[in-house]
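Subject: The structure we talked about

Hi there,

Here is the structure for you to open alongside this note.

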Amino acid sequence: MDINTMKNILMCGSSLAVKGGMVSVVKNYLEYDGWDDYRIIYVPTHIEKNKYALMLFFGVAYIKIIFFILTRHIDIAHLHMAERGSFYRKAFLVRTLNFFGIKTILHHHGAEFEPFYESLSDKQKKYVSDILEKADLNIVLSRRLVSMIADKAPAAKIEVLYNAVPVYEHNPFNMNAKNILFLGRLGKRKGVYDFLDALLILDSRMNEDVKVYLCGDGDVEAVMAKVAQMGLEHRIAHIGWIDSAKREAFMKNTMINVLPSYNEGLPMTILETMAYGIPNISTKIASIPEVINDGVNGFMITPGDIESLVDRIGMLVSDSLLRRKFSDDAYNFITDNFSLKNNIGHLKKIYGDML
């Protein structure tokens, strides 16, 4: 490929040290080696620090962005964003990029964009709508999320691009695995307290060798205090946030993944574990029903329905044949529909159409 004919894509999002699904998506893009005639220039605009450090970090990032605009031919800016401060930072960039005539994509990852928008004044809502319409394209993670943008900005251009993950040549699921996994930030939004309540009920029904691993940051002290209060230290361990290498090591010994969330976009942890053939139990919210087919490749419950959560965990722990069925169906579904190769092929078409 002639380096002089390559198209420069300015991509912005969080620092790669930040934990979460958005960064997982970005890392997948940056590590992919089949971009052909597109060159990704990544400038992080967010870190998880106090507001003064964050303002300084964004200021330096903004200078870098202006430098790239002035010294390189930037064809498209691809901005990964969530809500609140993330939205306002990207809004500032949209206006700057618009001034320079650079086509801009807003890639929406936020799980709480709706409550963020509803908390705003009418004037602030108008500002949000204007920014969504100024962007040349808004990417959302599923069909269900199209209305999240369209209802607020009728003139906004919107396209669906599902998250994606690397896939395996064969289903690697371990039928002898004994562990139950929770992958995500510990807190109410992800349903971890409901999960603990369900485990308290299930504890006497499960074999002693079934262990539960909480892998994530967040409300760690409060969660582990509740674990101790419940007397479940023998069953539950907090591991902390795990990187991709450690994650695969844990998945090798995981029989089910549980994520009983209240708010989500399209959780990368569900896609990653399903790609590994691990059956999932999650909730009927956001984009999850477009991935988990209830009773076919996993289970879905209503958020807060602890009784159903107990029932579904119990079924999968006790029924190895059901685990195998869900495993094969989950693996095949992700391989056919959510591979990273297909995702980036779709994204390259988006870039090409914009140019």
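Asp-328 is partly exposed, because its relative accessible area is 30%. Arg-324 has a relative accessible area of 30% and is likewise partly exposed. The side chains of these two, Arg-324 and Asp-328, form a salt bridge with N and O 3.2 Å apart. Both sit in helix α12 (residues 320-337), and they are four residues apart there, so about one helical turn separates them. Elsewhere, Glu-48, Arg-185 and Asp-217 belong to one network, joined by salt bridges that share partners. Please keep in mind as you read that this is a predicted model.

In total the structure holds 18 salt bridges. As background, side chains of opposite charge can pair when their charged atoms come close. Two further pairs may interest you.

- Glu-290 and Arg-144 meet through their side chains at 3.8 Å, N to O. This pair links distant parts of the chain, 146 residues apart: Glu-290 is in the loop between β11 (280-283) and β12 (298-301), and Arg-144 is in the loop between β5 (137-140) and α6 (146-150). Glu-290 counts as buried, because its relative accessibility is 12%.
- Glu-118 forms a salt bridge with Lys-125, and their closest N and O atoms are 3.8 Å apart. Glu-118 is exposed, with a relative accessible area of 52%, whereas Lys-125 counts as buried at 18% relative accessibility.

Now for the pockets. The largest one has a volume of about 910 Å³. Its lining is made by 42 residues, and Lys-19, Gly-20, Gly-21, Arg-185 and Arg-189 lie nearest its centre. Arg-185, then, is found both in this group and in the salt-bridge network mentioned above. At least two lining residues come from each of β1 (7-14), α1 (21-31), α3 (85-99) and α10 (268-275). By class, the lining divides into 12 nonpolar, 17 polar and 13 charged residues.

The second largest pocket holds about 540 Å³ of space. Of the 23 residues that line this pocket, Asn-28, Asp-243, Ser-244, Arg-247 and Glu-272 lie nearest its centre. α1, α9 (244-251) and α10 each supply at least two of its lining residues. Which element gives the most to this lining? It is α1, with five residues. The lining of the second largest pocket has 12 nonpolar, four polar and seven charged residues.

There are also three cavities of 30 Å³ or more. About 40 Å³ of space lies in the largest cavity, which is lined by Val-25, Asn-28, Tyr-29, Tyr-162, Asn-163, Ala-164, Leu-340 and Asn-343. Helix α1 provides the largest share of that lining, three residues, and both α1 and α13 (340-354) supply at least two. The cavity lining has five nonpolar, three polar and no charged residues.

Last, a look at nonpolar residues. Leu-70, Phe-99 and Phe-100 make a nonpolar surface patch of about 370 Å². Phe-100 is in the loop between α3 and β4 (103-108) and counts as partly exposed, because its relative accessibility is 33%. Met-11, by contrast, lies in strand β1 and counts as buried, at 0% relative accessibility. Met-11 and Ile-105 are 94 residues apart in sequence, and their C-alpha atoms are 9.4 Å apart in space.

Happy to go through any of this with you.

Best wishes

Methods: Residues numbered from 1 in each chain as written. Predicted model: local features only at pLDDT ≥ 70, side-chain atom pairs only at ≥ 80, totals over all residues. Heavy atoms only, no water. 1 Å grid on protein atoms, 1.4 Å probe; cavity = no way out; pocket = protein on both sides within 12 Å on 5 of 7 lines; lining within 4 Å. Points joined across faces, edges and corners; volume = space filled by probe spheres on them. Nonpolar A, V, L, I, M, F, W, Y, C, P; charged D, E, K, R; others polar. Patch = residues over 30% accessible without salt bridge, like charges linked within 9 Å, V, L, I, M, F, W, Y side chains within 5 Å. Areas by Shrake-Rupley, 256 points an atom, 1.4 Å probe, with all protein chains shown as cover. Salt bridge = Lys/Arg side-chain N within 4 Å of Asp/Glu carboxyl O. Buried < 20%, exposed > 50% of the residue type's maximum accessible area, 1.4 Å probe, protein only.
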